Amino acid sequence: MPKPNALLRPSPAGLYCPPGDFHIDPVRPVPRAVITHGHSDHARPGHGAVAATRETLAIMQARMGDGFAQATEALRYGQMIEHNGVEVSLVPAGHILGSAQIVLRWQGLTIVVSGDYKRRRDPTCPPFEPVRCDVFVTEATFGLPVFRHPDDVDEVAKVLKSLQQFPERTHLLGAYSLGKAQRLICLLREQGYDQTIFTHGALDEMNALYEKFGIDLGPLAPATTKKKKDFAGAIVVAPPTSIEDVWTRRFNDPLPAFASGWMRVRARARQRHVELPLILSDHADWDELTRTILEIDPGELWITHGEEEALCRWSELNGINARALELVGYEDATEGEA
Amino acid sequence: MRAFSTLLDRLSFTPSRNGKLTLVRDYLKETPDPERGWALASLTGALAFDAAKPSFIRKAIEARMDPRLFALSYDYVGDLAETVALVWPTKARANREPELSEVVDALRSASRREVPQLLERWLDALDPDGRWALLKLLTGGLRVGVSARLAKQALADMGHVEIAEVEEVWHSQRPPYEDLFAWLEGRSEKPSPNTLGRFRPVMLAQAIDEALDFAKLDSRAYAAEWKWDGIRVQAVGEGGRKALYSRTGDDIAQSFPDIVAALNFEGVIDGELLVVRDRHIAPFGDLQQRLNRKTIDGKLLQQFPAGIRAYDLLLDGTEDLRALPFVERRRRLEAFVARIRNPCIDLSPLQPFESWEELAKLRADPPEGDARLAEGLMLKRWDSIYEAGRPRGPWFKWKRDPHLIDAVLMYAQRGHGKRSGFYSDYTFGVWREDSKGDRALTPVGKAYFGFTDEELRRLDKFVRDNTTEKFGPVRSVRADNNFGLVLEVAFEGLQRSPRHKSGVAMRFPRINRIRWDKPSREADELSTLESMLNR
């Protein structure tokens, strides 16, 4: 069996597969790329040929325009393609609509690149499928024991309880425009909230895309109005940066909320003037990361980005051979959009 | 204790007073006794556990977790209670979640040796928010932005009564306050306040409206005295019990053992607590050295001796004087102070005057001595009874005009709550000469009110249009000899402050006017401010 870094190794543009001659989620334009999911730090424009799930390709086209790549190949989950002796297939990652892990098989060696993933149930995409492998390449966004996400249902229930307690206030829910916003809307619907949810314009494109792929978001309307009182007691979903911004002045005594795993830490929530932190994440928390690693039981663990140090230490304590790849260019989605 | 931990959690993120009031009021309405009583006790600072030490928390987590993983976690979060609350390894429902009353009872009766075990058991049984609340309770610092007065206001709101009624009976009640809740819910009579040494709610004044009020007021109907710049207190000697209360009824005896030891009378005096040396009062800054102290040493008492300047007599012996007119109470106060001959207590002198004009002159230019340090004047109707709260008319306060300086806007920060969309917190500075003789601006204060909504919009736009740098939520604004926004800042007083780079700290600074017309180079110098200190 060949050494793992003969099949996959870090390079300035990102993870590179020499025998297959392609990159995974490259951060600069390359001739051939396989993309895990549509978030802008993973899916970038300017590559020659791009392979991904059809949902990911649709997201890239909507966000980056028709010429985002010279050629595209849509792969279904489980479908296998072969290039120069390397078998490539995509399996669900459970992160957002269309997200995938990339499975590489070559000369008896199996490497799985997780991309961004979570283990929680998500009404907008199929769940993560663990795949046995020699090397598991994982993200570590919430790779610290402090990050243990609470139950989604309880978090979303907080919004409804808050609406009861403060019925005159506009509840502004900050959520990333791709993935989080749609999941949040679905979770609200599942808890019986069937009124119109107002949305910031920046969310329109992805909301429409999710609807096109069969995900019902219920009645939505743009958050534009002339009178403040129109929004008393309403839910408005908007990108995180706008909940602190000039844009909020149109609402009646807004109550800023933010749906993110980072809300677990009080200082982060207070820093952003969030009154209702919603600890809802599209990434695996500490328990889920460690459980997944034990479940897959890889020969080696590679950590691509996030809080690598703690996960390395945990691996050491559990007899797992781990290393941090220190790849740059993949944000932890705190400030901007991901 | 789930409802309690949810309450603390929401309070810690809610900046507005009204928001906090709603949260506490709803909690008190929906939660049964005795849990809500213990919650109220912890919010009003009436709960302390001597046997529980913060070091127990560290020891507990060290036994359960790899030290390196803990160190990485603590570094990230920055707060011990919160880190432990988050990283504590969860056992699959090891124990039933404890009730708040259970935790309080156990902690009050436990010895130091028993606490670690209790702590571990509870940490195992609770979820992260519960653990956080538990650890905050244990360390005695809730720090969720709720004062004792706010909690009592929420209680009063819940019972649809005035806060003065709650304060009247508060000190005769013990946690978990079952009688108090029974009364507020209409299930029983109001509890009797008749506890010796209890707090009597204080009478307060409204600010006088110079334009409107003087025309209607008869100067002969009013007494005038100086409003001393200290802390309003109530000194009590009743049936052997001695007490010293702040104006909101907080017991401050711990910080002023010198005063309490000297309370040699039977009665209740309403006065101003100050630092007094040789019968002369000291500025507020001196009193600040004595406030909120838990341990007092002889040196502190010597350097900053405390005294009370008496304004009013509420009880003379056992006789309640509050229904008597001020003129009568004043006569009794004068006799009382003369009789008790207390070294810490002197009489606040009345200021004689013939007309409002004469009084206005005195206010603008006070006579030599203590009056120069006063905050302003108090006007009290001779026929006024002593009633709790802030009635309009019998008593007025007439504060001295604030100081004004012209300062340059240097930094702006985002506001909170309704103002989080605006840069509404302004740091301003004055000119200072450095060692080379160059002028540079040095920050001297921050203000976040005093301007209208329309002015706020203009200020916010100015900040956004003239940002030179951003540091998180703070923006630095262009401010130099040729460009800058001048703000006329009003403030009550100035103190020396080694903590501030400029060496001075302002009291109650606010924006008075925005001087769009004034060039930045004409703003005031630090030396102007410093001369105010030396007056």
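Six bridges connect strand β12 (residues 403-414) of chain B to strand β13 (residues 423-433) of chain B, and the two strands run antiparallel; strands here are DSSP runs of E with at least two residues, helices are DSSP runs of H or I with at least four residues, and both are numbered from the N terminus. Two strands are taken as paired if DSSP finds at least two bridges between them. Within this pairing, B:Tyr411 stands opposite B:Thr427 in β13(B). The model is a predicted one, in which local features need pLDDT of at least 70 and side-chain atom pairs count only at pLDDT 80 or more, whereas totals for chains, interfaces and linings use all residues. Residues are numbered from 1 along each chain as its sequence is written, and chains are lettered from A and ligands numbered from 1 in the order in which they are written.

On β13(B) there is also a pairing with strand β14 (residues 439-447) of chain B, in the antiparallel sense and over 8 bridges. In this second pairing B:Gly429 stands opposite B:Pro443 in β14(B). The strands β13(B) and β14(B) form a hairpin with 5 residues between them, and B:Gly437 in the turn has a positive phi of about 85°.

These strands belong to a chain that has 20 helices and 20 strands, chain B. Chain B is divided into domain 1 (206-399) and domain 2 (403-534), the bounds coming from an automatic or database domain assignment. The centres of domain 1 of chain B and domain 2 of chain B, taken over C-alpha atoms, are separated by 35 Å. Along its principal axes, the C-alpha trace of chain B spans about 80 × 70 × 45 Å. For 535 residues a compact globule would have a radius of gyration near 24 Å, and the 27 Å of chain B agrees with this; the radius is taken over C-alpha atoms, and the globule rule is 2.2 Å times the number of residues to the power 0.38. The average pLDDT of chain B is 91, and 98% of the residues score at least 70, pLDDT being the predictor's confidence in each residue, from 0 to 100. For the model, the scores are ipTM 0.92 and pTM 0.75.

Between the chains, 22 residues of chain B are in contact with 29 residues of chain A, contact being assigned if the C-beta atoms of two residues, placed from the backbone, lie within 7 Å. On the side of chain B that touches chain A, α1 (2-13), α2 (17-30), α5 (67-77) and α6 (80-87) of chain B each supply at least two residues, and α5(B) gives the most, with 6 residues. The residues of this side of chain B divide into 7 nonpolar, 9 polar and 6 charged, where Ala, Val, Leu, Ile, Met, Phe, Trp, Tyr, Cys and Pro count as nonpolar, Asp, Glu, Lys and Arg as charged, and the others, Gly among them, as polar.

Chain A has 8 helices and 19 strands. Its radius of gyration is 20 Å, close to the 20 Å that the globule rule gives for 338 residues, so chain A is as compact as a globular protein of that length. The C-alpha atoms of chain A fill a box of roughly 65 × 45 × 30 Å, taken along the principal axes. Chain A is divided into domain 1 (4-146 + 283-324) and domain 2 (152-278), and 30 Å separate the centres of these two domains of chain A, taken over C-alpha atoms. In the contact between them, 17 residues of domain 1 of chain A meet 15 residues of domain 2 of chain A; on the side of domain 1 of chain A that touches domain 2 of chain A, the residues divide into 8 nonpolar, 5 polar and 4 charged.

Two open sheets of chain A may be described in turn. In one, 6 strands take the order β1-β2-β3-β4-β5-β6 (chain A), with mixed pairing. At its edges stand β1 (9-11) and β6 (69-74) of chain A, each with a single partner strand, so one side of each is left without a neighbour in the sheet. Strand β1(A) is joined by 3 bridges to strand β2 (residues 14-17) of chain A, and the two run antiparallel, with A:Pro10 opposite A:Leu15 in β2(A). The other open sheet, also of 6 strands, has the order β14-β13-β15-β12-β16-β17 (chain A) and parallel pairing; its edge strands are β14 (220-222) and β17 (276-278) of chain A, each of which pairs on one side only. Here 2 bridges join strand β13 (residues 197-199) of chain A to strand β15 (residues 235-238) of chain A in parallel, and A:Thr199 stands opposite A:Val237 in β15(A).
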